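Please look through the model below before reading on. The text after it starts from one residue and then widens to the whole chain.

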Amino acid sequence: MSLTQRTFRITFAALFSILLANLIGLENGMSAGIIAILSILDTRLETLKTALARLLSTILAFVIASVVFSFLGFSVYSFGLYLAIYIPLAYLGKVDAGIAPCSVLVTHFILAESISWHWQLNGFLLMLIGLVFALLFSLWVPSFNKELDEQVKKIENQMSLVLFSLESYLKDGSKSIEQITKELNDLNNKISSLDRLALIEYENKTFSRSVQNYYIKYAQMRKQQFQNLERMSEFLPQVLLDTEESRLLASIFEETAEQLDETNTGIGLLQSIQNLYRVFRESELPKSREEFESRAILYYI
């Protein structure tokens, strides 16, 4: 999300919260705006989870504050005891997201020297208004589908580049392992970037998540393929001989690179791999230990 979009959401959520709180005559209406600011997070799902946690946390805070202040009065020491009881319970109940805003609302009891229903309802409504406007403005989020499609293309281009490099290494040694490693690192960074963005987009969609779920699964698929490519590159230096099998494997890397696309079923490539298996089975047995080891590595790759 751009800085402009983020600023717009936070500013107007806070402004409308304050205006509504003042309109219905609540005390300390500015607090509703602060709560809205604290409650707008990067995704809808995060905002919703935080809002629910803070509502529950408000009830817990007000109950503890009411008990403590009714027995010990409205002093700094009473507030300290309230914190000592409330904070661990909030963490244990997994509603610690409300510690800061709820404690601010509790200070209103101290300033008013009252825990009457008027002040309790006032505090609860301030929290509710701030959370509602945070949720409303979290509904307005940009779609990243265009960026996701662009990242998919970048990943496939980078993966093709790696496959062509593997082919070049086996074919004529024109690519070094260091160059392949650098290209693999770039590929890994692109996949990680897509994975993060896909998760953000998924959490921003409360309903109809099938498209976003596709991108998450796509990223997982490419992660697995990256790991396979990384393992292949680690074994390439152990291929010491230029053989018919190594040239055939190089041609499969080239064929895969040329056909790489998310819509490709890979049926033709699987047939090419089966043909390569047949060549391995029908080839003459290795005549030296070096040839045996090289062919074993090729077979493993």
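In which loop is D261 found? D261 sits in the loop between α10 (244-259) and α11 (267-282); helices (H or I, at least four residues) and strands (E, at least two) are DSSP runs, numbered from the N terminus. This is a predicted model, in which local features need pLDDT of at least 70, side-chain atom pairs count only at pLDDT 80 or more, and totals for chains, interfaces and linings use all residues. Residues are numbered from 1 along each chain as its sequence is written, and side-chain values use heavy atoms, with hydrogens and water left out.

D261 counts as partly exposed because its relative accessibility is 34%; buried means under 20% relative accessible area, exposed over 50%, and partly exposed in between (1.4 Å probe, protein chains only).

The protein as a whole has 12 helices and zero strands. Its radius of gyration, taken over C-alpha atoms, is 30 Å, whereas a compact globule of 301 residues would have a value near 19 Å; the globule rule is 2.2 Å times the number of residues to the power 0.38. Along the principal axes, the C-alpha atoms fill a box of roughly 95 × 35 × 30 Å. Of the 301 residues, 40% count as buried.

Two loops hold non-glycine residues with positive phi. K94, with phi near 60°, lies in the loop between α4 (76-92) and α5 (99-112), and is exposed at a relative accessible area of 69%. E113, with phi of about 50°, lies in the loop between α5 and α6 (117-138), and is exposed at 57%.
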